[in-house]
Amino acid sequence: MKICRTHHQSGKPPCLVRLHGSKKRLFAHAAAFMLASLACFPSLTARAGEAELKAGLGFSAEYNDNVQSKPDNQQTDIITHIKPFLSCFYEAGRVEAKIDYRGDYSFYVKGKDTDEYAHYLNAYAQAAVVENLFFIRVEEDLQPVYRDATRGEELIDDDASDDTVNRNRFTISPFFTLYPSDRTFLKFGYSFEDMRYSNSINEGDFIPDFGNDFAFDAETSTQHTLFASINHSVTDRVDLYFGGSATKRDSEDEQGFDNSFNRYQAYAGGKYALDEQSYIDVQAGPTYTDYVNGDSSLTPYVKAAFVWGVGRSVFDFSYTFDYTDNPQSGNNVKHAAYIGKWNKEFDRAMLSMGIGYHEYREDSAENQPPSATSDSDNRNSLRPFVNFRYSLTERLSFAAGGSMDMEVGGENKNGDRYYANTELKYDLSEKTWVSANYRYRKVNGSDQGSYSVNRIGLDFSMRF
């Protein structure tokens with residue numbers, strides 16, 4: 001996956017964490033990370049607590065027969081990877097913090113493409129300022145996402161960097177919790193969110209080179225939200241939910257088009273536990289959006305799930321209707337998802353399969369700026385998948401899987417995509433393992449043409 005590009009000959013520092021915006025915002029990000037980092041080292045805190053630290057390193061080499069994902073003039077190369085990972089959790093008194101990081105440093109032996117650096121970071125710190133009453137939570141989330149949100153939320157690691165951008169989302173939220181009774185829980189507060197994408201660079205910022213080679217109008221946004229919710233347990237099996245929020249979003253792309261809006265949402269719902277493995281959970285309500293250009297919309301908000309466990313099988317059916325950000329257009333688009341899954345556990349194996357149908361629609365096209373009237377906001381897709389893992393011995397396991405992303409109607413600009421993978425893994429010890437893998441990707445009918453990619457790799461990983 002080509003996420004962050006940095007030429008090793010340029011002398012520029014590798015991209016570690018992308019921070020955007022003014023010096024005040026840079027300071028806020030640094031303070032958040034300092035709080036989370038200090039929490040990972042009990043010796044630096046005034047009060048000892050429970051700490052858990054996991055770290056490791058992976059090395060791999062792979063052969064790729066089409067490193068640039070092109071239909072013509074395909075280039076082959078050997079790619080070596082260094083993959084560090086770190087997980088830290090700390091809890092003491094009224095403070096809780098966690099950091100999860102993993103990276104992928106890729107180097108092309110023949111130089112057929114640019115060396116790449118991919119980073120995934122999720123960190124939070126939460127403090128109970130007044131015990132059981134007032135809290136402050138800070139979060140930082142850095143990860144690659146698809147340029148075109150209609151491709152889905154989960155990246156497939158064979159996809160190329162031309163399809164992805166890096167999203168950096170910082171959130172701080174002070175909130176209150178109240179317990180009017182043993183069965184009732186009330187939460188209300190305020191949330192501030194600042195979200196940027198990889199090529200939203202402001203001159204004068206101290207920002208490491210993050211691979212700014214994408215040619216589209218990236219969106220930057222800040223969001224202020226007031227929220228409240230109440231949960232009430234009627235019985236041991238029945239819970240009721242009520243809540244709402246008011247959001248003011250200031251959003252602008254690099255060409256100055258204003259995609260800001262005010263949004264108001266209310267919902268009610270409940271959960272019914274059929275048994276220990278099965279339940280029905282439904283939330284629904286109206287969402288009213290008032291755009292800065294004068295347009296408005298009234299849409300439903302729905303989040304429904306039916307989970308049914310039978311023996312060692314679990315069936316999961318869900319439907320959601322909400323909004324998602326599309327970096328490619330700068331729009332906040334409507335997304336409806338119908339998903340069915342089946343998971344089956346055997347004595348030495350695990351089988352998972354399912355299918356999802358997704359609809360994406362722009363909310364309002366009238367009087368929208370050019371950046372907001374993109375066909376990429378409107379797409380229907382069908383996504384079946386299957387995954388299987390089998391333990392041949394206590395140390396040796398085999399895994400295989402496949403998935404598809406097929407466009408239903410439309411101009412099929414993304415093309416139909418087919419993925420397959422297989423892996424043979426052997427545990428050398430509790431902390432070290434090796435694996436051999438094969439990955440295949442086929443793309444038909446995209447704007448870039450039809451092509452396929454084959455990858456064969458060897459991996460070695462260890463935990464410290």
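## Nonpolar surface patch

Strand E6 gives the largest share of a nonpolar surface patch, 3 residues; helices (H or I, at least four residues) and strands (E, at least two) are DSSP runs numbered from the N terminus. The patch covers about 540 Å² and is made by Val 129, Val 130, Leu 133, Ile 136, Ile 172, Phe 176, Leu 178 and Phe 188. Patches are made of residues with over 30% relative accessible area and no salt bridge, with like charges joined within 9 Å and nonpolar side chains (Val, Leu, Ile, Met, Phe, Trp, Tyr) within 5 Å. Accessible areas come from the Shrake-Rupley method with a 1.4 Å probe, and for residues only the protein chains shown count as cover. E4 and strand E6 (164-181) are the elements that give two or more residues to the patch.

Phe 188 lies in strand E7 (residues 184-197). Its relative accessible area of 31% makes Phe 188 partly exposed; buried means under 20% relative accessible area, exposed over 50%, and partly exposed in between (1.4 Å probe, protein chains only).

## Basis of the model

This is a predicted model, in which local features need pLDDT of at least 70, side-chain atom pairs count only at pLDDT 80 or more, and totals for chains, interfaces and linings use all residues. Residues are numbered from 1 along each chain as its sequence is written, and side-chain values use heavy atoms, with hydrogens and water left out.

## Salt bridges

Side chains of opposite charge can pair when their charged atoms come close. The whole structure holds 16 salt bridges, a salt bridge being a side-chain nitrogen of Lys or Arg within 4 Å of a carboxyl oxygen of Asp or Glu. One of them joins Asp 405 to Arg 379, with the closest N and O atoms 3.4 Å apart. This pair links distant parts of the chain, 26 residues apart: Asp 405 is in strand E17 (residues 396-407) and Arg 379 in strand E16 (residues 379-391). Asp 405 counts as buried at 6% relative accessibility, and Arg 379 is buried at 4%.

Asp 405 also meets Arg 383 in a salt bridge, at 3.7 Å from N to O. Arg 383 lies in strand E16 and Asp 405 in strand E17, so this pair ties together parts that are 22 residues apart in sequence. Both Arg 383 and Asp 405 are buried. A network of salt bridges links Arg 379, Arg 383, Asp 405 and Glu 407.

Glu 131 and Arg 94 form a salt bridge in which the closest N and O atoms are 3.7 Å apart. The two residues are 37 residues apart, with Glu 131 in the loop between strand E4 (116-130) and strand E5 (134-146), and Arg 94 in the loop between strand E2 (77-92) and strand E3 (95-108). Arg 94 has a relative accessible area of 43% and is partly exposed.

Asn 132 is also placed in the loop between E4 and E5. Although not a glycine, Asn 132 has a positive phi of about 65°. Asn 132 counts as exposed, at 51% relative accessibility.

Strand E11 (residues 279-291) and strand E12 (residues 296-310) run antiparallel and are joined by 12 bridges; two strands pair if DSSP finds at least two bridges between them. Val 282 stands opposite Ala 304 in E12. The hairpin of E11 and E12 has 4 residues between the strands, and Gly 294 takes a positive phi near 105° there. E12 also runs antiparallel to strand E13 (residues 313-326), with 9 bridges. Val 310 stands opposite Ser 313 in E13. The hairpin of E12 and E13 has 2 residues between the strands, and Gly 311 takes a positive phi near 60°.

Ala 268 lies in strand E10 (residues 261-273) and is partly exposed, with a relative accessible area of 35%. Not counting residues up to four places away in sequence, Ala 268 touches Tyr 241, Phe 242, Val 282, Gln 283 and Ala 284, contact meaning heavy atoms within 4.5 Å.

## Other loop residues

Ser 429 is in the loop between strand E18 (416-427) and strand E19 (432-446). At 35% relative accessibility, Ser 429 is partly exposed.

Ser 69 lies in the loop between strand E1 (50-64) and E2. Ser 69 is not a glycine, yet has a positive phi of about 50°. Ser 69 counts as buried, at 12% relative accessibility.
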